[in-house]
Structure formats: structure tokens, C-alpha cells
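Subject: Structure handover

Hello,

Please find the structure below. My notes on it follow.

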Amino acid sequence: MGTVETVQGPVDVRELGLTLVHEHVRFRDESVAAQWPGRYDEQAELDAALEAVGAAKTHGVRTIIDPTAMFGGRDVRFMKRVAEETGVRLVACTGIYSYDYLPHYFANRDVDAMAEHFIADIEGGIQGTDIKAAFLKCAADAAGVTENVEKIHRAVARASVTTGAPIMAHSMPAVATGPRQVEIFKEEGVNMSRVQIAHCGDSDDLDYIEGLIDSGVYVGLDRYGLEMFLAIDKRNATAAELLRRGHAQRLMISQDFCASIDWFPPEATPVFEANGAIRNWSMTLVFEEVVPALRELGVIDDESFNTIFVENPRRWLTA
Ligand SMILES: [Zn+2]
């Protein structure tokens, strides 16, 4: 069945075990962090990552797929420290997390040149290490699939076709980016069974989600705890209906938790908790609240739990 690249090196796919498919051990803007390093507390970030990953481990999690790409502060040395200190495997990606902006560097180079950078991360290693990317990441958000976003999607697609690496695409159901993202991947000849459209669970529009599933991709119900996009009970109702309709093999359940994130000043988090924008957002919410609720509804059992949290990530990662 082959191996999967992790920050600790290649691992037999059968060893991946219980997997969280979308979590971030740290999320920050690498240019701000490079220019004003004193504004960041590296030790506090490490402590937060160790705490979050350690908590997931107590629920049996053995592997975490971390889709932190360019502009999310991807740092495979930091990831390796977290993996080594917790004993939980981390899987790294390559790609660009942009809703539109591209640096001049990539604006003035073509799609194939961009793809070549991604391929080098997959085949050679990331940031001067021998840690290889196991998958590709791109994003479309409120601005939709802009020209720059399309360029990144095509580069990601070509790198996938060249290397066989799977793709995870951040999407925004509120502006229905998913179908266009899928269309681009199809035009580029990507194997759709290796594509994951993230954040579909921000919507409870079953027709929209099933339309994506029908195109052969995995869909992410992967932002549990981010109530500002959709509340947990609505996310669960959607998940339950998708499971009743027999889609267990296409669902990815996760939290998109960021052990630390620099998007807001530190005092914002308690406000988000108080006003209900986030609720119990963590790397353990799905095990503590979501799976028990889905079991209660009778839509998930040990077998489908294994399908979602073990087999689906493994199948997506390996051809
Ligand atoms: Zn994410």
C-alpha cells in the first residue's frame, strides 16, 4: 500500500491510525513574524501546540494532517519539534494559502514555474530539510476564484498530476467556490478521488455538498467549533443526513483548530468565546461532543467511525 511522508519521515500507510485531517499546530503570517519576531512568543506557541496535540493523543489520535501552507507560516522544523515531543505524527503540505494576493515573485512567473516549486517540496524536501510534503493546498474564499486563485489551483493541479500527491482545497460554501474549484481540477486532469474540498460543513445545503460528492471528491466537515460559520448542532444535522444517505466514505471530520493564531490580538479570543463565535474549539471537540452526538442519532458506529477517521484520510493520502 506504500508510504506517506510525515515530518518524522516516511511511514507505512497502515501505521497512520486514527487521524485528524485538518488541524494547525500554529498559524501566523510568516512575513509579519519575520519582520517583527519580538511580537511572537515562540515558547508559548510551542506550549500551545504541545497541549493541543497532546490532548488529541489522549483520544487515540496517532496522525494529524496539518495543511499550513505559504502565508500560514508553514515551518516544518516547528512541526517536527511538536511531533517528536508528542509522539503524534504530523503530515505537512505544500502550496499557497491566498484568497487573492500573490507576491510579485509568483505574479511574474507562470503556472508551471509555480508548480515546479510545489513539486520540489514533494520530491526533494521543504525549507532545506529532507521533510517532504505529502499533499498540496490551495484556497478560495469570499473573493471567489479570482485570476490569482485560479493560477494557484492550476499549479497545485499540475503538481498533483506530476507527483500523484493529493489536494486539499479550502473553500467557501457561502459563495459556492467548490464547483468551480472542482472544474479547474478536472480541466487539469487531476484524479478526483485524491481531492478534498475543505470547509463544506460551513454549509447545511445538502444539495450543494452532495453535488460535490457526486464529482468524486472528499468533502470536509472540518470546522467544528467555529460557530461563526455554522453552529455545531446544524453541522451535526448535516453530517447525520450525509451519513444516512451513505456518504461515510467521502466525509472528513475535523476542527481546523489552530493551537495558536496571530489573526487577532490575544484579548479577542475570550470575546469570541463570550459572544459565541467559537465554542469548545479544540483538537478534541469531535471526540468529546460530535461523535457522541452522531452515535446518539444512530448514524455512526464503530465501523463508520473507522471509515471516517482512519480509512478516508489513508485512502485520500495514498493512490
Ligand atoms: Zn485550515
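Apart from its neighbours within four places in sequence, H117 is in contact with Y105 and F106; contact means heavy atoms within 4.5 Å. H117 sits in helix α5 (residues 111-123). Helices (H or I, at least four residues) and strands (E, at least two) are DSSP runs, numbered from the N terminus. With a relative accessible area of 25%, H117 is partly exposed. The cut-offs are under 20% relative accessible area for buried and over 50% for exposed, with partly exposed in between (1.4 Å probe, protein chains only). G95 lies 22 residues from H117 in sequence, and the C-alpha atoms of the two are 8.6 Å apart in space.

Before the rest, some ground rules. This is a predicted model, in which local features need pLDDT of at least 70 and side-chain atom pairs count only at pLDDT 80 or more, while totals for chains, interfaces and linings use all residues. Residues are numbered from 1 along each chain as its sequence is written, and side-chain values use heavy atoms, with hydrogens and water left out.

I184 belongs to helix α7 (residues 178-187) and counts as buried, at 0% relative accessibility. Leaving out residues up to four places away in sequence, I184 touches V145, E150, H153 and R154. V161 is 23 residues from I184 along the chain, with 13 Å between their C-alpha atoms.

Now the metal site. The zinc ion is coordinated by H22 (NE2), H24 (NE2) and D256 (OD), at 2.1 to 2.2 Å. H24 is in the loop between β3 and α1 (30-35), and D256 is in the loop between β11 (251-253) and α10 (268-274), so this pair ties together parts that are 232 residues apart in sequence. Both H24 and D256 are buried. Donors are N, O and S atoms within 2.8 Å of the metal (3.2 Å for Na, K and Ca); water is not among the atoms, so sites may look incomplete.

Next, the strands. An open sheet is formed by three strands in the order β3-β4-β5, with parallel pairing. Its edge strands, β3 (19-20) and β5 (89-91), each pair on one side only. Two strands pair if DSSP finds at least two bridges between them. Two bridges link β3 to β4 (residues 63-65) in the parallel sense, and L20 stands opposite I64 in β4. Helix α12 (residues 302-317) lies across β3, β4 and β5 and runs at about 55° to β4. Axes here are lines fitted to C-alpha atoms, for helices over the stretch in contact, and angles run from 0 to 180 degrees between N-to-C directions.

Elsewhere, β1 (residues 3-6) and β2 (residues 9-12) run antiparallel and are joined by four bridges. They form a hairpin with two residues between them, and E5 has P10 in β2 as its bridge partner.

Finally, the chain as a whole. The protein chain has 12 helices and 11 strands. Its radius of gyration is 18 Å, close to the 20 Å that the globule rule gives for 319 residues, so the chain is as compact as a globular protein of that length. That radius is taken over C-alpha atoms, and the globule rule is 2.2 Å times the number of residues to the power 0.38. Buried residues account for 58% of the 319 residues.

Regards
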